[in-house]
Amino acid sequence: EHTVGMSTGFFPLHKEVFAASDDPQHVLALLRGAFSEPFYRIPTRLNIMAMYAAHYGDSDLALAILRTAFVDEKGALTVNLWHPLYANARKDPRFKAILRDIGLVAVWRESGKWGDYVRPLGEDDFEIIA
């Protein structure tokens, strides 16, 4: 049973986040609390929380949540990683580690199809360009 965001619905925390939207530190505290709750530890809920964390300027929290959603829970849609809210997080080496850990880099390297957002750097590295 969850204790953060006790109202009903898929993402009960929305109501509390909206109510505190002018207080980033309070929103981030709500997100940190929810991140520790099993109720919120499914990929879709985690992705919503990561977006809020990024929006309110906490790249560390956003990256921790993204790692859980994509690496640990293995259920988030990879297209979500390219959301504009994650622009700052994508500059962090931990973001590259997520891409490696979910197998995207291996697929890109093997296929030679790097797409519009990344490009190879030598035989064992890559850079994010978007």
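**View 1. Arg94 and Asp60 form a salt bridge.** In this predicted model, the two side chains meet at 2.5 Å, N to O. Arg94 sits in helix H5 (residues 93–101) and Asp60 in helix H4. The pair links distant parts of the chain, 34 residues apart. Arg94 is partly exposed, at 38% relative accessibility. Asp60 is partly exposed too, with a relative accessible area of 48%.

**View 2. Arg67 pairs with Asp101.** Their side chains meet in a salt bridge of 2.6 Å, N to O. Arg67 lies in helix H4 and Asp101 in helix H5, so the bridge ties together parts 34 residues apart in sequence. Arg67 has a relative accessible area of 28% and is partly exposed. Asp101 counts as partly exposed at 47%.

**View 3. Asp125 meets Lys96 in a salt bridge.** The N to O distance is 2.9 Å. Asp125 belongs to strand E2 (residues 125–128), while Lys96 belongs to helix H5. The partners are 29 residues apart in sequence. Asp125 is partly exposed at 26% relative accessibility. Lys96 is buried: its relative accessible area is 19%, and the cut-off for buried is under 20%.

**View 4. Helix H2 packs with helix H4.** H2 spans residues 24–35 and H4 spans residues 59–72. Their axes lie 11 Å apart, at an angle of about 25°. Angles under 35 degrees count as roughly parallel, so H2 is roughly parallel to H4. The crossing is left-handed. H2 contributes Leu28, Leu31, Arg32 and Phe35 to the contact. H4 contributes Leu61, Ala64, Ile65 and Thr68. Of these residues, 6 are nonpolar, 1 is polar and 1 is charged.

Technical notes
Residues are numbered from 1 along each chain as its sequence is written. This is a predicted model: local features need pLDDT of at least 70, side-chain atom pairs count only at pLDDT 80 or more; totals for chains, interfaces and linings use all residues. Side-chain values use heavy atoms; hydrogens and water are left out. Axes are lines fitted to C-alpha atoms, for helices over the stretch in contact, and angles run from 0 to 180 degrees between N-to-C directions. Helices (H or I, at least four residues) and strands (E, at least two) are DSSP runs, numbered from the N terminus. Angles under 35 degrees count as roughly parallel, over 145 as roughly antiparallel, 65 to 115 as roughly perpendicular and the rest as oblique. A crossing is left-handed if the near helix is turned anticlockwise from the far one by less than a right angle, and right-handed if clockwise. Contact means heavy atoms within 4.5 Å. Ala, Val, Leu, Ile, Met, Phe, Trp, Tyr, Cys and Pro count as nonpolar, Asp, Glu, Lys and Arg as charged, and the others, Gly among them, as polar. A salt bridge is a side-chain nitrogen of Lys or Arg within 4 Å of a carboxyl oxygen of Asp or Glu. Buried means under 20% relative accessible area, exposed over 50%, partly exposed in between (1.4 Å probe, protein chains only).
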